[in-house]
Structure formats: C-alpha cells, structure tokens
Amino acid sequence: MKNWLIFGVVFILSLSLVISVIVFWKATAPFNDIEQQAEELALDTKALAIISESYVYNGNKPYVTVFGVDEYGKEKAIFVPISLEENSVQEVFLQDGISEQQALTAFRDETSVQKVLHTKLGFEEPGAVWEITYMSESGSLNYVYLLFEDGQWWKRILNL
C-alpha cells in the first residue's frame, strides 16, 4: 500500500510539472513568433546584418525591439511594429544615446528602489525611451521612462 501511495504522489507531481511546462511553452509561443518575424524583417530590409537580441516592448503601440550590428559595424536598435509594416520601422544608433547602464545609474540617483524588475528600450511619442520597471521601498510597482537621447525623465507611473 505504501508503494502505491508513493507512486501516486510522484505521478501527480510529475504530471503537474509536465502540464506547467506545456502551458508556459504555449503561452510564450506568440511572443517567440513575432520576435522571429521582426528579426527576419530587420535582416531582409538590411537594417541589420547581425542580430544579438530582441524582445517585445508594449508601450502606446507595441513594438519588437531588435538589437544588432549593421553592415558598417555600427550597433543599432530597430523598432519593428507588431503589424510588421516595413514603412513604420524606426531605428537608433546605440552610440547616439545613453546605454542601459547609464539609464539605470541616472534612475537610481533619484529614486529609492527595492528591486529593478526589467529595463527595456522602446519607442514612444518622443522617440526612443528606456522603460525601467521596479518595486519601490514600499513594495509598489512603478514605471519610469527616460529619453534615450539624453537620459532626461519623460514619464513616471508610480504606486500601482
């Protein structure tokens, strides 16, 4: 009887682990598909020659931010809209603005933070912005947007 009980517990734990992995895999599939399509568009339009990273940025309009190097060896970020419209693609040279580390330093100089959740480069009304999502000392969720060009504060969404 003891062996059946151990078998049942192990079976249920294994089954729940397998189901969790399948659900997670299925949930991330749309993001992976749109990222791959945006990367292919960046390569096909010759905006980038080599791709290093990409992720989805959800601002006022959703974009896929694709990082890489162009044919001249300059590092770029390409902002591809989710609609994959070629004429709506935006781009910035990474040397023309502040880096992720500089954005985090400017942010931490003015804000008390418990934990930074993520930092993303995205495209909004004023152009390229760094989105920093963090938990404050009081435990509330906050978003801060810094302009890519000069690190000036653009927008803050606090205490969610």
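## Salt bridges and positive phi

Lys-46 is exposed, at 60% relative accessible area. Here exposed means over 50%, buried under 20%, and partly exposed in between (1.4 Å probe, protein chains only). The model is predicted: local features need pLDDT of at least 70, side-chain atom pairs count only at pLDDT 80 or more, and totals for chains, interfaces and linings use all residues. Residues are numbered from 1 along each chain as its sequence is written, and side-chain values use heavy atoms, leaving out hydrogens and water.

Lys-46 sits in the loop between helix 1 (2-44) and strand 1 (50-58). Helices (H or I, at least four residues) and strands (E, at least two) are DSSP runs, numbered from the N terminus. The phi of Lys-46 is positive, near 60°. Most residues other than glycine have a negative phi. Leu-84 also has a positive phi near 60°. Its place is the loop between strand 3 and strand 4. Leu-84 is partly exposed, at 29%.

A salt bridge needs a side-chain nitrogen of Lys or Arg within 4 Å of a carboxyl oxygen of Asp or Glu. The count is two. Lys-76 and Glu-91 form one, with N to O at 3.1 Å. Lys-76 is in strand 3 (residues 75-81) and Glu-91 in strand 4 (residues 90-93), so the pair ties together parts 15 residues apart in sequence. Arg-156 bridges to Glu-110, with the closest N and O atoms 3.8 Å apart. That pair links distant parts of the chain, strand 8 (residues 153-157) for Arg-156 and helix 2 (residues 100-110) for Glu-110, 46 residues apart.

| Residue | Relative accessible area and class |
|---|---|
| Lys-76 | 6%, buried |
| Glu-91 | 39%, partly exposed |
| Arg-156 | 45%, partly exposed |
| Glu-110 | 52%, exposed |
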